[in-house]
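Q: I would like to go through this model in some detail. Could we begin with what counts as buried, and then take the helices and charged pairs in turn?
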Amino acid sequence: DVNKVMALLSGFLWVLIPSIFKQLRTGSLIDVICAVLFLLVFDTLLSLKLDFSFKNAILFGISTGLFVGTKIINLVWLLAFMPLICYILYRKAKENKFALSKILSILGIVASMVILFGGFMYIKNYFLMGNPLFPVELKIFGKTIFRGLLDNAAYKTQVAGWKLDLVKIIFKEGLGLQFIAIILPCAFIPVIFYKYLKAKVLPLGEYLLLFATPFFMLILYCFFINIYTTRYFFPYLSFGLLSAVIFITKLPRGDKYLVVISFISVLSAAFELANRYELVSSILLSLALFILLFLYKKRVFAFYKTKTFGKIMLVVLLFGFLFLTYFNNKYNKEEFSRYPLSFSKREAWQADIGKGWKRLNEITKEGARVAYTGRMELYPLFGTGLKNVVKYISINSKEATPYNKPDGLFRKIEDFPAWRENLKRYRIEYLFVALPFFDNRESEDPSKFPIEDEWAVMHPKDFQLLFSNSLSHIYKVLIEK
């Protein structure tokens with residue numbers, strides 16, 4: 001329903017939301033991926049709406065499975081999306097007069113794909129922990145449905161560390177003018193004034209569900225999550241912008257409003273994201289290109305239709321591939337040197353954990369068997385090319401016992417001889433001990449490392465300290481295998 005120019009413009013608006021752009025640039029958080037996957041779910045739903053076939057049902061199921069399997073919080077976003085999904089599926093089935101058997105087959109395919117591509121984590125947690133959402137504790141109206149280690153109240157107090165501040169969220173969290181002038185108003189206006197708008201400009205009831213979805217997302221987020229960390233809102237920002245653009249373009253002079261707000265948003269984002277030299281050079285370059293296109297547009301369009309243009313584009317693509325290959329190899333070589341520098345100003349205190357990852361990668365040159373404890377960031381411990389074998393080693397005679405069983409937490413019993421035997425059994429060569437986050441520390445002393453660090457210090461014949469800083473310690477395990 002949106003023309004190509006407005007669609008392209010909305011894409012630029014999404015990319016240039018400052019908080020999203022910063023994550024695209026560093027690629028440090030999974031929340032951008034969650035936002036993209038949510039849009040993919042919507043895209044495959046539209047494909048299913050146009051062609052209610054088994055192929056599109058499979059694609060819709062895969063995208064939904066990937067979305068819910070990426071992060072537990074995505075279940076809340078999907079729940080807000082369910083009214084629109086159910087309405088579209090019901091309407092298509094009714095329009096095409098499908099037999100009940102075909103409807104059930106398509107729903108079965110969708111469910112199978114969701115379980116196959118997104119259900120592993122939830123199934124594993126249910127059988128091991130008795131809670132598919134582990135470690136999250138689910139409460140509804142104060143009643144605990146699934147016990148967990150952490151509810152949203154504890155998370156807000158210990159991790160997020162701040163209360164709801166609408167002024168800070170709207171004006172200081174890098175949401176851009178896009179949020180103030182497009183996304184947030186369009187979460188409420190279509191729902192409140194839909195009866196009037198339907199009579200004037202909007203067709204069909206499905207638009208109400210489309211425009212109400214961002215509203216549902218906000219309500220359910222406040223009800224179930226209630227943690228106001230900006231990056232958690234990326235799926236809402238993405239779908240909210242998409243539905244807002246569809247809504248605005250259906251209003252009289254809506255395209256003009258969108259163009260004006262987009263122009264201001266791009267300028268404001270440029271001033272926020274670029275340094276002085278980048279900003280000046282990009283403005284001058286854009287101005288030069290615009291003038292050249294304006295003066296020579298006929299020649300440019302004529303050249304576009306020639307075979308020479310195709311050959312030049314082929315050469316450009318070839319050089320682009322070579323440049324990407326070069327930069328990919330360069331990144332692989334510099335990956336661990338960049339880790340300490342990748343933490344932003346608000347996370348600068350975590351630079352030492354990045355230095356620990358870098359040092360472990362240097363120590364394990366040919367690959368090694370590494371035990372970890374303290375923090376759950378496993379990927380950097382595998383090293384360049386995933387050369388290391390990384391494993392958590394139990395500190396007692398049993399493996400990770402489910403927390404809600406009679407034995408209690410699987411780290412409740414501290415048994416050094418059993419832990420030492422486990423290290424020997426798994427042929428561990430190095431021990432990486434990290435200072436835990438606030439929410440899972442086992443001591444009231446915020447600077448105290450896990451018990452494994454204390455044991456390593458107490459037994460110098462079994463452990464040799466190789467590296468130490470404020471957030472990480474690395475030991476060589478000297479236990480005879």
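A: Buried means a relative accessible area under 20%, exposed means over 50%, and partly exposed lies in between. Please note that this is a predicted model.

Q: With that cut-off, which residues are buried in helix 19?
A: In helix 19, the buried residues are Ala-351, Asp-352, Ile-353, Gly-354, Gly-356, Trp-357, Leu-360, Asn-361 and Ile-363.

Q: And what covers the buried residues of helix 19?
A: The cover includes helix 18 (307-338). Strand 3 (369-373), strand 5 (430-434), strand 6 (463-468) and strand 7 (472-477) are also among the covering elements.

Q: What span should helix 19 have at 1.5 Å a residue?
A: Helix 19 runs over residues 351-363, and its 13 residues should span 18 Å. The C-alpha atoms at its ends are 19 Å apart, which agrees.

Q: Changing topic: which residues make the nonpolar surface patch?
A: The patch is made by Leu-287, Phe-290, Ile-291, Leu-292, Leu-293, Phe-294, Leu-295, Tyr-296 and Val-300, and it covers about 920 Å².

Q: Which helix gives the most to the nonpolar patch?
A: Helix 16 (residues 276-295) does, with seven residues. Leu-292 lies in helix 16, and Leu-292 is partly exposed because its relative accessible area is 47%.

Q: Now the charges. How many salt bridges does the structure hold?
A: The structure holds 12 salt bridges. Side chains of opposite charge can pair when their charged atoms come close.

Q: Where do Arg-91 and Glu-95 lie?
A: Both are in helix 5 (residues 74-96), four residues apart, which is about one turn of the helix.

Q: What is the relative accessible area of Arg-91, and what is that of Glu-95?
A: Arg-91 has 27%, so Arg-91 is partly exposed. Glu-95 has 47%, so Glu-95 is partly exposed as well.

Q: Which residue forms a salt bridge with Glu-334?
A: Arg-338 does, and the closest N and O atoms are 3.0 Å apart. Glu-334 and Arg-338 both lie in helix 18, four residues apart, about one turn of the helix. Glu-334 counts as partly exposed at 27% relative accessibility, and Arg-338 counts as partly exposed at 35%.

Q: What about Asp-462: which residue does it form a salt bridge with?
A: Asp-462 forms a salt bridge with Arg-420, with the closest N and O atoms 2.9 Å apart. Asp-462 lies in the loop between helix 21 (451-458) and strand 6, and Arg-420 lies in helix 20 (residues 416-425), so the pair ties together parts that are 42 residues apart in sequence.

Q: Is Asp-462 buried or exposed?
A: Asp-462 counts as buried, because its relative accessibility is 11% and the cut-off is under 20%.

Q: Which residues are linked in a network of salt bridges?
A: Asp-31, Lys-71 and Arg-231 are linked in such a network.

Q: One last point: which residues does Asn-422 touch?
A: Not counting residues up to four places away in sequence, Asn-422 touches Ile-393, Ser-394 and Asn-396. Asn-422 is found in helix 20, and Asn-422 is buried, with a relative accessible area of 7%.

Definitions and conventions
Residues are numbered from 1 along each chain as its sequence is written. This is a predicted model: local features need pLDDT of at least 70, side-chain atom pairs count only at pLDDT 80 or more; totals for chains, interfaces and linings use all residues. Side-chain values use heavy atoms; hydrogens and water are left out. Helices (H or I, at least four residues) and strands (E, at least two) are DSSP runs, numbered from the N terminus. The expected span of a helix is 1.5 Å times one less than its number of residues. Buried means under 20% relative accessible area, exposed over 50%, partly exposed in between (1.4 Å probe, protein chains only). Contact means heavy atoms within 4.5 Å. Patches are made of residues with over 30% relative accessible area and no salt bridge: like charges are joined within 9 Å, nonpolar side chains (Val, Leu, Ile, Met, Phe, Trp, Tyr) within 5 Å. Accessible areas come from the Shrake-Rupley method with a 1.4 Å probe; for residues, only the protein chains shown count as cover. A salt bridge is a side-chain nitrogen of Lys or Arg within 4 Å of a carboxyl oxygen of Asp or Glu.
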